[in-house]
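Colleague: I should like to go through the reasoning behind the labels used for this protein. Please set each value against its criterion as we proceed.

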Amino acid sequence: ERIKLTTSVLVVPMRAHAALLAKQASTVDRLSGGRLTLGMAVGGYADDYAASEVPFARRGRRFDQMLGEMMRIWAGESRGFAGAIGPSSGLDRSRLVFGGMSAPTYRRVATIGAGWIAGSRGVDTFTRGAAEVRRFWAEHDRAGAPWLLALPYFCLGPRARDDATRLLTDHYAIEGPETAEQMAARALTDVDALREAVAAYEAAGCDELILYPCSPDPQQVRLLADAVG
């Protein structure tokens, strides 16, 4: 009833059909009582696209085409005899955020969405990207300020370092052993490191920090609450 739902992030262009994806997102939003934030990106792994039989090299152009179609569907544009694709509430730009570190990403934030999510590569990466997002936002004469998010990895408890290393070296193996080890080392695995990171992101202008657990144990939620509460 209260917990926000966020995709962080959904790789859109590897999906087969913009209309189906738009309907799925608006259905989740309706079922949750309007608690969905839709984080989207093009993704950077070619094997995702190979598995979906979608051209990797055209993913940016495909993303923009799909976004245009999804926005029209959410706005209620008619689609044939049956009319608009429901649920009718749809999603508006206030709950659309984009991930990535590129000019096309920053342009999508400034022209279509409400914010940007930095991912999991540290406060310095967040700070550089946030500066570009703010620049694009101003260049497109958007009122207010962009909503800035980040998603660092954490794990607490006696097995924290082992659990984080196991998950992250496996997940990032596609980028090579050096990057995988760097990502594992960056995980926040003790209370002091966690608190310092929260403070650093806040000082850098992060509006919302999504702390991603490296263990599926629900006890991580309690440990996190105790650490930052």
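Modeller: A residue is called buried when its relative accessible area is under 20%, exposed when it is over 50%, and partly exposed in between. The model is a predicted one. By that criterion, the buried residues of α8 are Leu194, Ala197 and Tyr201.

Colleague: How do you know that the buried residues of α8 line one face of the helix?

Modeller: Viewed along the axis of α8, the buried residues fall within an arc of 65°, so they line one face. The general rule is that an α-helix has 3.6 residues a turn, so residues three or four places apart point the same way. The face of α8 turned away from the buried side carries the exposed residues Asp192, Glu196, Glu202 and Ala203.

Colleague: What covers the buried residues of α8?

Modeller: The cover includes the helices α5 (123-139) and α9 (219-228), together with the strands β5 (147-150), β6 (153-154) and β7 (208-209).

Colleague: What makes the length of α8 agree with that of a helix of 13 residues?

Modeller: The expected span is 1.5 Å times one less than the number of residues. For the 13 residues of α8 (residues 191-203) this gives 18 Å, and the end C-alpha atoms are 18 Å apart, so the two values agree.

Colleague: Which residues are buried in α9, and what puts them on the same side?

Modeller: Gln220, Leu224 and Ala227 are buried in α9. Their arc around the axis is only 65°, which puts them on the same side of α9. Val221, Arg222 and Asp226 are exposed on the other side. The buried residues of α9 pack against β6, α8 and β8 (212-213).

Colleague: Why is Gln219 called partly exposed?

Modeller: Gln219, which is found in helix α9, has a relative accessibility of 37%. The C-alpha atoms of Gln219 and Leu156 are separated by 9.2 Å, although the two residues are 63 residues apart along the chain.

Colleague: Which residues of α3 are buried, and what puts them on the same side?

Modeller: The buried residues of α3 are Phe63, Met66, Leu67, Met70, Ile73 and Trp74. They cover an arc of only 125° around the axis, which puts them on the same side of α3. Among the elements that cover them are α1 (18-31), β2 (36-41), β3 (96-99) and α4.

Colleague: Why is Gly68 called partly exposed?

Modeller: Gly68 is found in helix α3. Its relative accessible area is 23%, and buried would require a value under 20%, so Gly68 is partly exposed. Gly68 and Ala18 are 50 residues apart in sequence, yet 9.1 Å apart in space, C-alpha to C-alpha. Just after α3, Gly76 takes a positive phi of about 95°.

Colleague: Why are Glu53 and Asp141 called exposed?

Modeller: The cut-off for exposed is over 50%. Glu53 has 73% relative accessibility and so counts as exposed; Asp141, at 68%, likewise counts as exposed. Glu53 is found in the loop between α2 (46-52) and α3, and Asp141 lies in the loop between α5 and β5. Phi of Glu53 is near 55°, a positive value in a residue other than glycine, and phi of Asp141 is also near 55°.

Colleague: Which peptide bonds are cis?

Modeller: The bond from Ser8 to Val9 is cis, with omega near 0°, and Val9 has its place in strand β1. The bond from Gly86 to Pro87 is cis as well, with omega near 0°; Pro87 lies in the loop between α3 and β3.

Colleague: What volume does the largest pocket have, and what lines it?

Modeller: The volume is about 960 Å³. Of the 30 residues that line the largest pocket, the closest to its centre are Val9, Ala41, Gly43, Gly44 and Tyr45. β1 (5-11), α3 (59-74) and α4 (103-111) each supply at least two residues of the lining. The lining divides into 13 nonpolar, 12 polar and five charged residues.

Definitions and conventions. Residues numbered from 1 in each chain as written. Predicted model: local features only at pLDDT ≥ 70, side-chain atom pairs only at ≥ 80, totals over all residues. Heavy atoms only, no water. 1 Å grid on protein atoms, 1.4 Å probe; cavity = no way out; pocket = protein on both sides within 12 Å on 5 of 7 lines; lining within 4 Å. Points joined across faces, edges and corners; volume = space filled by probe spheres on them. Helix = DSSP H or I, 4+ residues; strand = E, 2+ residues; numbered from the N terminus. Nonpolar A, V, L, I, M, F, W, Y, C, P; charged D, E, K, R; others polar. Buried < 20%, exposed > 50% of the residue type's maximum accessible area, 1.4 Å probe, protein only. Arc of directions from axis to C-beta. Contact = heavy atoms within 4.5 Å.
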